[in-house]
Amino acid sequence: MPTEAEIRNVLSRVIDPELRRNIVELGMVRDIQVHGDEVEIEVALTTAACPLSQNISDDVQAAVKALPGVREVKVTLSEMTAEEREATLEKAQPGLPKASQFNKVGRIVAVMSGKGGVGKSSVTALLALALARRGYKVGILDADITGPSIPKLFGLHPGEVRGDPMGFLPAIAAENIKVMSINLLVPDETTAVIWRGPLISNAIQQFWNEVLWGHLDYLLVDLPPGTSDAALTVMQSLPVNGALVVTTPQDLAAMVVRKAVDMAHQLNVPIVGVVENMSYFQCPDSGKRYEIFGPSHADEVATAANATTLARLPVDPELSRLGDQGQIAKYNGALIDELGKAFESECPLPRRDL
Ligand SMILES: Nc1ncnc2c1ncn2[C@@H]1O[C@H](COP(=O)(O)OP(=O)(O)O)[C@@H](O)[C@H]1O
Ligand SMILES: [Mg+2]
């Protein structure tokens, strides 16, 4: 039966692949329990979003199992608190500046909706494209941790985000749009992220604090639907300048949207505009418009939000087809540039000092 000191000794040969120091020195070994020939080890990661967590876990297993008298090794992974993470990073790279010190973002706008499936992510992507085409530097922070869909729309895959000692470098999508999403960190896009609120909040804060966004004019934050923890985290811990509300005519009396609007108001985040998606279908033969999901509620929502309707986008099978193929950047619906223009005038960049 090995002693705790012996176990610690072998663990000091396990190197964190990113920080390039051993996990004992980094303070990541939180607990060691020896029960006969069974050893339980708790390792605290700097972030639950660590793409290399499996490697660390495997290395710990292998190192301890090699000790004589050990039959089974159980490794549990937990996450450090923000303060512990800070201390660990400082230990690994003393004096290294943090990503957020290099970030300069003109406007941060959260894209919200009452419920899911209204096309919030699609509208976020289209608006990003429209703004990028108007010459702005644009980023998208995918704050939908359990249902991330921005990478898929742009055809981005895990591995396109790179780790840097100072933080993550975002993936680059069409039109030079920078993208950060949990789906770019998991080993495979189909891996489900089953996290509770605090872990989700942590990941979102890291996507802001520890990602090298650099200089951006607009950073669009794709929120999960409704008034979730994630929405609260974004509006409270990121310097959000405004929120864009996406709705559809089906939203009965737009009641759920109003809750989202109410949340933004309570948190002093102004609504920069309302986009009604799937507003109508325009018959390609006759050009006639059909309000297939019922009459528009856009202006009603906009009035309640003390904002304007920026655009009413049609149901367009081409949009969902291109989105499914990761080719949303090829979408050239006529209204997209108008959406960009309307947004730009409602949410202008801060004046730069000359
Ligand atoms: N205007 C539209 N016309 C046709 N399909 C759309 C439109 N907007 C969104 N969709 C489709 O609806 C589905 C949900 O859209 P998504 O943007 O993921 O919504 P959300 O982010 O609100 O959950 C996707 O399959 C998308 O392609
Ligand atoms: Mg979405």
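**Helix packing and a pocket**

Author: This is a predicted model. Helix α4 (residues 120-133) and helix α11 (residues 335-346) cross at roughly 75°, and their axes come within 8 Å.

Reader: How are α4 and α11 oriented to each other, then?

Author: Angles of 65 to 115 degrees count as roughly perpendicular, so α4 and α11 are roughly perpendicular to each other.

Reader: Which residues make the contact?

Author: On α4 they are Leu126, Leu127, Ala130 and Leu131, and on α11 they are Ile336, Leu339, Gly340 and Phe343. By class, the contact of α4 with α11 has seven nonpolar residues, one polar and no charged.

Reader: Next pair. At what angle do α1 and α2 cross?

Author: Helix α1 (residues 4-11) and helix α2 (residues 53-65) cross at roughly 130°, with axes that come within 9 Å. The two helices, α1 and α2, are therefore oblique to each other. Their crossing is right-handed.

Reader: And which residues touch there?

Author: Ile7, Val10 and Leu11 of α1 make the contact with Val60, Ala63 and Val64 of α2. The residues of this contact divide into six nonpolar, no polar and no charged.

Reader: What about α6 and α7, how far apart are their axes?

Author: The axes of α6 and helix α7 (residues 229-237) are 9 Å apart, and the helices pack at an angle of about 40°. That angle makes α6 oblique to α7. The crossing of α6 and α7 is right-handed.

Reader: Which residues of α6 meet α7?

Author: Gly197, Ile200, Ser201, Ile204, Gln205 and Trp208 of α6 meet Asp229, Ala230, Thr233, Val234 and Ser237 of α7. The contact of α6 with α7 has five nonpolar, five polar and one charged residues.

Reader: How does the lining divide into nonpolar, polar and charged?

Author: The lining of the largest pocket has eleven nonpolar, seven polar and nine charged residues.

Conventions. Residues are numbered from 1 along each chain as its sequence is written. Chains are lettered from A and ligands numbered from 1 in the order in which they are written. This is a predicted model: local features need pLDDT of at least 70, side-chain atom pairs count only at pLDDT 80 or more; totals for chains, interfaces and linings use all residues. Side-chain values use heavy atoms; hydrogens and water are left out. Axes are lines fitted to C-alpha atoms, for helices over the stretch in contact, and angles run from 0 to 180 degrees between N-to-C directions. Helices (H or I, at least four residues) and strands (E, at least two) are DSSP runs, numbered from the N terminus. Angles under 35 degrees count as roughly parallel, over 145 as roughly antiparallel, 65 to 115 as roughly perpendicular and the rest as oblique. A crossing is left-handed if the near helix is turned anticlockwise from the far one by less than a right angle, and right-handed if clockwise. Contact means heavy atoms within 4.5 Å. Ala, Val, Leu, Ile, Met, Phe, Trp, Tyr, Cys and Pro count as nonpolar, Asp, Glu, Lys and Arg as charged, and the others, Gly among them, as polar.
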